[in-house]
Amino acid sequence: ALQKYIEKYPEFLLALDPIAVSQSAPEIVLRMSSAAEKADVGPMAAVAGALADLAAETMIAQGAEVAVVENGGEISVGSDARLYVAINSGQSSLSGRLGFRILPTDLPLGLATSSGTVGHALSFGSADSATVIAENAALADAGATAVCNAVKGDDSCDSITKGLGVAQQIKGVRGALIVRGDHVGTTGQLPSMITISQP
């Protein structure tokens, strides 16, 4: 459905800002558009998270007791689950050493990480990782993009503060964790943070 929509409306694929869609658009398009509007980014910034949400919801509808979908760093958790999630922060000394313990009381939950230094996704920021916790994975995905894009400048601490400020402005975002080099910043209500021992 998304591929067919993009064939008809190629601007949806290329937009770097929110783009209006008809209410008759496919469900995946509506979810991506809504998340993009809240985070003030292009709709493709929410694609992995929106797909994870739809997959988790389908699992629940089919009777799954535990529904967890990870899609390239975007995670949708929609039912009774206890998870440990490590954050990949590229070349930072903190990469793989920080994470979250997600409990049933944290659910439903979406988690997404964006990076200006890791991966192939388009980013205008310099965060090694910008992780967002939100009410769903589509919004977490779009929010992580917006937060990462704001982490700019030579001063790591100042740039992290800018990113956290963006996270605080996005309705539906519960909290954020940003890593840049050896610096870390958090805001909002996050699941319990954990440190992970390296072998």
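Guide: The model is predicted, so local features need pLDDT of at least 70 and side-chain atom pairs count only at pLDDT 80 or more, while totals for chains, interfaces and linings use all residues. Residues are numbered from 1 along each chain as its sequence is written, and side-chain values use heavy atoms, with hydrogens and water left out.

Visitor: Why is alanine 167 called buried?

Guide: Buried means under 20% relative accessible area, with a 1.4 Å probe and protein chains only. Alanine 167 has 3% relative accessibility, and therefore counts as buried.

Visitor: What is alanine 167 in contact with?

Guide: Contact means heavy atoms within 4.5 Å. Neighbours within four places in sequence aside, alanine 167 is in contact with Val147, Val173, Ala176 and Thr187.

Visitor: What makes a set of residues a nonpolar core?

Guide: Its members are buried Ala, Val, Leu, Ile, Met, Phe, Trp, Tyr and Cys residues, joined through side-chain atoms within 4.5 Å. The largest such core has 39 residues, and Leu2, Phe12, Val29, Met32, Val132 and Ile178 touch the most other members.

Visitor: Which residues does phenylalanine 12 touch?

Guide: Not counting residues up to four places away in sequence, phenylalanine 12 touches Leu2, Tyr5, Ile6, Ile19, Val21, Val29, Met32, Pro43 and Met44.

Visitor: Which residues of the lining lie nearest the centre of the second largest pocket?

Guide: A pocket is an open set of points on a 1 Å grid over the protein atoms alone, where a 1.4 Å probe fits, with protein on both sides within 12 Å along at least five of seven lines; lining residues have an atom within 4 Å of a point. Of the 17 residues lining the second largest pocket, Arg31, Asp53, Glu57, Glu135 and Asn136 lie nearest its centre.

Note on methods
Buried means under 20% relative accessible area, exposed over 50%, partly exposed in between (1.4 Å probe, protein chains only).
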